[in-house]
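The report below goes through a single protein chain, from its overall build to a handful of individual residues.

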Amino acid sequence: MIHGYVIGESLRPGAEFAPRGLRLRKVGRLDVSESVAAGQPSYWTFVEWEAEEDDVAGLAQALADALEPENGWYADFAAGEERVVVFAGKVFRYRRGDSAGRAEVVAYGRSVGTPAHQLDWRE
């Protein structure tokens, strides 16, 4: 089973994140005003979801197709021993604990405008 989050405000207007087998676990709204960058809203809606592990690539692509490219929004999840980090139009997969793989994703995130302090996913 894969568990992940997507921030509601990170989705492109009109986009839909609805891959096959997706199940909603929880939705919450938080004040993140002390850690946002210019152009990001002060309140974020965290949508916790789960899905079976049978189509990791399809799940990642559904996120890549739905995320807003401005402000470097991303989503991430673990799939077995892999960490999957998804930006608008771009999917990274690396073995958990692989510091070079993580560094590549962090560099990409910075290049598309993700604030450095937000590139903080868990391994």
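What follows covers the basis of the model, the fold, the chain as a whole, and then selected residues.

**Basis**

This is a predicted model, in which local features need pLDDT of at least 70 and side-chain atom pairs count only at pLDDT 80 or more, whereas totals for chains, interfaces and linings use all residues. Residues are numbered from 1 along each chain as its sequence is written, and side-chain values use heavy atoms, with hydrogens and water left out.

The chain averages a pLDDT of 95, and 100% of the residues score at least 70; pLDDT is the predictor's confidence in each residue, on a scale from 0 to 100. Among the elements of the chain, the lowest mean pLDDT, 94, belongs to strand β1 (residues 2–7), and the highest, 98, to strand β6 (residues 90–95).

**Fold and overall dimensions**

The chain contains 2 helices and 6 strands, where helices (H or I, at least four residues) and strands (E, at least two) are DSSP runs numbered from the N terminus. Along the sequence these elements follow the pattern β-β-β-α-β-β-β-α. The radius of gyration of the chain is 14 Å, close to the 14 Å that the globule rule gives for 123 residues, so the chain is as compact as a globular protein of that length; the radius is taken over C-alpha atoms, and the rule is 2.2 Å times the number of residues to the power 0.38. Taken along the principal axes, the C-alpha atoms fill a box of roughly 35 × 30 × 20 Å.

Of the 123 residues, 37% count as buried, a term that means under 20% relative accessible area, with exposed meaning over 50% and partly exposed lying in between (1.4 Å probe, protein chains only). The chain exposes about 6,700 Å², of which carbon and sulfur atoms supply 49%; accessible areas come from the Shrake-Rupley method with a 1.4 Å probe, and for residues only the protein chains shown count as cover. Among contacts (heavy atoms within 4.5 Å) between residues at least 6 apart in sequence, 55% join residues at least 24 apart.

The mean positions of the 14 positive and 20 negative charges are 3 Å apart. In that count Lys and Arg are positive and Asp and Glu negative, while His and the chain ends are not counted; each charge is placed at NZ of Lys, CZ of Arg, CG of Asp or CD of Glu.

**Helices and the residues that meet them**

In helix α1 (residues 56–66), the buried residues are V56, L59, A60, A62, L63, A64 and A66. These buried residues pack against β1, β3 (43–51), β4 (74–79), β5 (82–87) and β6.

Helix α2 (residues 99–111) holds V105, which counts as buried at 1% relative accessibility. Not counting residues up to four places away in sequence, V105 touches V85, F87, F92, Y94 and W121.

With neighbours within four places in sequence left aside, V85 is in contact with Y74, A75, D76, K90, V91, F92, Y94, V105 and W121.

T114 lies in the segment after α2 and is buried, with a relative accessible area of 4%. Beyond its neighbours within four places in sequence, T114 is in contact with N71, G72, Y74, F87, G109 and L119.

N71, in turn, is found in the loop between α1 and β4 and is partly exposed, with a relative accessible area of 26%. Although N71 is not a glycine, its phi is positive, at about 75 degrees.

In strand β2 (residues 23–31) sits R25, which is partly exposed, with a relative accessible area of 41%. Leaving aside its neighbours within four places in sequence, R25 is in contact with H3, E48, W49 and E50.

**Separations in sequence and in space**

The table sets sequence separation beside C-alpha to C-alpha distance for selected pairs.

| Pair | Apart in sequence | C-alpha to C-alpha distance |
|---|---|---|
| V105 and Q40 | 65 residues | 21 Å |
| T114 and W73 | 41 residues | 6.5 Å |
| R25 and E48 | 23 residues | 5.3 Å |
| V85 and D98 | 13 residues | 13 Å |
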